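Dear colleague,

Please find below the structure that I am handing over to you.

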Amino acid sequence: MAIMTSSHTFQPLLHRIAAEIESMPGRGRPADYIPALAACDPHRFGMAVAELDGTVYGVGDWRQPFSTQSISKVFTLALDLAHEGDTLWEHVSREPSGNPFNSLVQLEYENGIPRNPFINAGALVVTDRLHTQTGDAAGTLLEFLRAESDNAELAINKGVAASESAHGDRNAALGHFMASYRNIGNPVPVLLDQYFRQCSIEASCADLALATGFLARHGIRADGTRLLTRSQAKQVNAIMLTCGTYDAAGDFAYRVGLPGKSGVGGGIIAVVPGRCTLCVWGPGLDERGNSVTGVAALDRFTTLTGLSVF
């Protein structure tokens with residue numbers, strides 16, 4: 001039976017979930033192909049829930065900053081949609097990929113158009129277009145996250161960005177390949193610098209739960225201004241549901257039943273439209289790049305509360 005979901009129940013609920021996570025035997029392994037992330041302790045765990053009015057509840061390491069990595073792609077997508085609207089969809093599709101997030105395979109037979117905005121190729125296109133619109137994609141994203149989380153201390157970890165750049169040959173190949181199809185407008189080295197900086201922003205579960213709130217408020221920012229139309233917010237949530245957890249999106253929808261976006265830093269954000277937003281962090285990943293404890297915690301949250309889009 002679902003637990004009552006009035007606001008005063010979120011804190012004890014989070015403690016219950018954290019206690020269950022504590023007893024999990026297998027927690028996965030941190031991302032080892034980005035050396036700066038490989039040293040993370042897979043036993044770290046944090047979880048936060050933010051209500052529409054900005055009230056936030058948390059447990060464990062919910063105030064500990066971590067590398068956002070691909071979670072950042074949600075916010076870049078929203079910011080570019082706010083600037084150019086449906087023109088974006090001429091350059092990136094909205095379908096699940098079914099392939100690893102850094103795959104080159106689909107690009108060749110789909111003429112340089114990435115399958116969705118959350119695989120690396122698609123995120124590179126979105127970052128490229130936001131950079132053209134703003135002159136500083138990563139800086140624009142950072143200022144947005146600072147404003148929505150009310151945390152002016154959010155910053156880019158230069159060491160992580162340098163580590164990604166030093167091991168970014170696959171992303172460089174994706175960028176050059178799409179440039180050959182005229183689907184990249186900026187010089188590829190400039191784009192890669194923006195992309196690596198974007199992915200290297202550090203934020204906590206509390207920060208990211210708050211920053212995601214505009215998607216639960218149907219496009220309305222924390223200050224009451226509108227970033228996206230209601231329809232655009234729906235579009236972003238839909239793409240999160242179908243494409244947000246790499247090629248495990250079907251299993252995530254089955255287990256959790258919420259729009260979500262993961263990153264190889266171990267974080268996952270999730271949206272309950274009209275109700276609340278969540279962020280979980282557990283650095284240990286499964287074979288598809290998603291946090292083992294993060295997925296388990298979100299699974300328990302939706303099971304215990306009955307909050308789901310289904």
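Two strands are said to pair if DSSP finds at least two bridges between them. Helices (H or I, at least four residues) and strands (E, at least two) are themselves DSSP runs, numbered from the N terminus. In this structure, Val-271 stands opposite Thr-277 in β8.

Before going further, please note that this is a predicted model, in which local features need pLDDT of at least 70 and side-chain atom pairs count only at pLDDT 80 or more, while totals for chains, interfaces and linings use all residues. Residues are numbered from 1 along each chain as its sequence is written, and side-chain values use heavy atoms, with hydrogens and water left out.

The sheet

Strands of a sheet pair through backbone hydrogen bonds, either parallel or antiparallel. Here, 5 strands make an open sheet with antiparallel pairing, in the order β2-β1-β8-β7-β6. The edges are taken by β2 (56–60) and β6 (260–262); each has a single partner strand, so one side of each is left without a neighbour in the sheet.

Within the latter pairing, Gly-46 has Trp-281 as its bridge partner in β8. The hairpin of β7 and β8 has 3 residues between the strands, and Gly-274 there takes a positive phi near 75°.

Is β8 buried or exposed? It is mostly covered, as 6 of its 6 residues are buried; buried means under 20% relative accessible area, exposed over 50%, and partly exposed in between (1.4 Å probe, protein chains only). In a regular strand the side chains alternate between the two faces of the sheet. In β8, Cys-276, Leu-278 and Val-280 point one way, and Thr-277, Cys-279 and Trp-281 point the other way.

The cores

A nonpolar core is a set of buried Ala, Val, Leu, Ile, Met, Phe, Trp, Tyr and Cys residues joined through side-chain atoms within 4.5 Å. The largest has 61 residues, of which Phe-75 and Leu-215 touch the most other members. A second, separate core of 27 residues includes Leu-14, Ala-18, Phe-45 and Val-59.

The aromatic rings

The structure holds 8 aromatic pairs. Rings of Phe, Tyr and Trp (its six-membered ring) pair if their centres lie within 6.5 Å; planes under 30 degrees apart count as stacked, over 60 as edge-to-face and the rest as tilted. The ring centres of Phe-75 and Phe-214 are 6.3 Å apart and their planes stand at 50°, so this pair is tilted. Phe-75 belongs to helix α3 (residues 72–84) and Phe-214 to helix α11 (residues 213–216), so the pair ties together parts that are 139 residues apart in sequence. Phe-144 and Phe-214 form an edge-to-face pair, with 5.6 Å from centre to centre and 85° between the planes. This pair links helix α6 (residues 137–149), which holds Phe-144, with helix α11, 70 residues apart. Phe-144 counts as buried at 3% relative accessibility, and Phe-214 counts as buried at 0%. Elsewhere, ring pairs link Phe-10, Tyr-57 and Phe-301 into a cluster.

Yours sincerely
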